[in-house]
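Subject: Structure handover

Hello,

Here is the structure I promised to pass on. Please open it first, then read my notes below.

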Amino acid sequence: MKIALIALAVLAGAVVFSTLFTIDETEQGLVIQFGKYVRTVQQPGLHVKLPFIQDVTTYDKRLLRYDAAPAEFLTRDKKALVVDIYARYRITDPLRFFQTLRDLTRAHARLDAIISSSLREAVASHDQSDIITEKREPIMDDVAKETRAKAAEFGVYILDVRIKRTDFPREIAESIYARMRAERGRISKRYRSEGAEEQLKIKAETDKERTIILAEARRRSEETRGKGDGEAIRIYAAALRQDPEFYAFLKSLDVYKAALKEGSRLVLSADSSLFQYLETPRPGQP
């Protein structure tokens, strides 16, 4: 009896669980019975369906984003560009989306084909400069309009299609970077040569100023030395006039100091003026 009650409770729980379902406020659902559409559920909350024979498929009703893989396109002026794009879209008709695409994986594959085709035509009808400058905004608006019309039959509304990045193919980019490096190298060499030339000018000007300053300093030094020598001669002359004998004595002492060293021998005549201060004074002599 207990086993039967337990089994009955489990069956009732399964029936209730299979009957009730919830729809989140960010979702929209389809009730499907044996693979056929029954009804659309847009309102969030708790809903009911037939147990076991009906299923619920939900889709996000928020704004979704599709990022396409970077692809190479040829412009009107026969230049290759690698374009990386993205699209923002919303599922506006879940029934048509279910009937044509079923899930997001197939939806993204279909969007990739639609967007790539429209973008290829747009790029092929414009020059490279139009794609990589501000002119690309109206171009992408036209792409969005065209893809929006094509995606409507799948229950999808495309809000916009935008370019994330444009680049050159690898082989072209490498040659461009090589030219850029060569140009920067040429500019840096020019700057270095101009700097070296300016350095030589500054050094030459500095050497010139140094020579002038040194010459002026030597001139002033010679003038000062000349004035000093003149003053010294004047003082000596004044001293000589006051006491010539004493001046002669001092000069002789300077000569003795310079000429006579320890152990030196000096041969002088008796009447030599240098000898007079070495001679022992006789009694009565000063």
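Phe 21 counts as buried, because its relative accessibility is 9%, and buried means under 20%. This residue lies in strand E1, which covers residues 20-23. Leaving out residues up to four places away in sequence, Phe 21 touches Val 31, Arg 39, Val 41, Gly 45, Leu 46, His 47, Val 48, Lys 49 and Val 56. Take Leu 46 from that list. Phe 21 and Leu 46 are 25 residues apart in sequence, yet their C-alpha atoms are 5.8 Å apart in space.

**The whole protein**

Please keep in mind that this is a predicted model. The protein has seven helices and nine strands. It has 286 residues, and buried ones make up 22% of them. Now the contacts between residues at least 6 apart in sequence: 63% of these join residues at least 24 apart. The protein exposes about 20,300 Å². Carbon and sulfur atoms supply 57% of that area.

**Salt bridges**

How many salt bridges does a search of the whole structure find? The search finds 21. A few deserve a look.

Start with Lys 164 and Asp 67. They form a salt bridge, with the closest N and O atoms 3.1 Å apart. Lys 164 lies in strand E9 (residues 156-167) and Asp 67 in strand E6 (residues 64-67), so the pair ties together parts that are 97 residues apart in sequence. Lys 164 is partly exposed, with a relative accessible area of 39%. Asp 67 also counts as partly exposed, at 39% relative accessibility.

Next, Lys 164 and Asp 84. Their side chains meet in a salt bridge, at 3.7 Å from N to O. This pair links distant parts of the chain: Asp 84 is in strand E8, Lys 164 is in strand E9, and they are 80 residues apart. Is Asp 84 buried or exposed? Asp 84 is buried, because its relative accessible area is 17% and the cut-off for buried is under 20%. Strand E8 itself covers residues 80-91. Setting aside neighbours within four places in sequence, Asp 84 is in contact with Ala 68, Pro 70, Arg 162, Ile 163, Lys 164 and Arg 165.

These bridges belong to something wider. Arg 65, Asp 67, Asp 84 and Lys 164 are linked in a network of salt bridges.

One more pair: Arg 162 and Asp 141. They form a salt bridge, and the closest N and O atoms are 3.1 Å apart. Arg 162 is in strand E9 and Asp 141 in helix H5 (residues 136-151), so to speak of the chain, this pair links distant parts, 21 residues apart. Asp 141 is partly exposed, with a relative accessible area of 33%. Arg 162 is also one of the contacts of Asp 84.

Counting cavities of 30 Å³ or more gives one. About 40 Å³ of space lies in the largest cavity. Which residues line the largest cavity? Its lining consists of Leu 101, Ala 107, Arg 110, Leu 111, Ala 151, Phe 154 and Val 156. Helix H3 (residues 104-124) gives the most to this lining, with three residues.

Phe 34 is in the loop between strand E2 (27-33) and strand E3 (36-41). Phe 34 is exposed, because its relative accessible area is 66% and exposed means over 50%. Together with Leu 50, Phe 52 and Ile 53, Phe 34 forms a nonpolar patch on the surface. The accessible area of these residues together is about 440 Å².

The backbone of Phe 34 is worth a look too. Most residues other than glycine have a negative phi. The phi of Phe 34 is positive, near 55°.

**Arg 102**

Arg 102 has a positive phi as well, about 75°, although it is not a glycine. This residue sits in the loop between helix H2 (94-100) and H3. Arg 102 is partly exposed, with a relative accessible area of 42%.

Best wishes

Technical notes:
Residues are numbered from 1 along each chain as its sequence is written. This is a predicted model: local features need pLDDT of at least 70, side-chain atom pairs count only at pLDDT 80 or more; totals for chains, interfaces and linings use all residues. Side-chain values use heavy atoms; hydrogens and water are left out. Helices (H or I, at least four residues) and strands (E, at least two) are DSSP runs, numbered from the N terminus. Buried means under 20% relative accessible area, exposed over 50%, partly exposed in between (1.4 Å probe, protein chains only). Contact means heavy atoms within 4.5 Å. Patches are made of residues with over 30% relative accessible area and no salt bridge: like charges are joined within 9 Å, nonpolar side chains (Val, Leu, Ile, Met, Phe, Trp, Tyr) within 5 Å. Accessible areas come from the Shrake-Rupley method with a 1.4 Å probe; for residues, only the protein chains shown count as cover. A salt bridge is a side-chain nitrogen of Lys or Arg within 4 Å of a carboxyl oxygen of Asp or Glu. On a 1 Å grid over the protein atoms alone, a cavity is a set of points where a 1.4 Å probe fits but cannot get out, and a pocket is an open set with protein on both sides within 12 Å along at least five of seven lines; lining residues have an atom within 4 Å of a point. Grid points are joined across faces, edges and corners, and a volume is the space filled by probe spheres set on the points.
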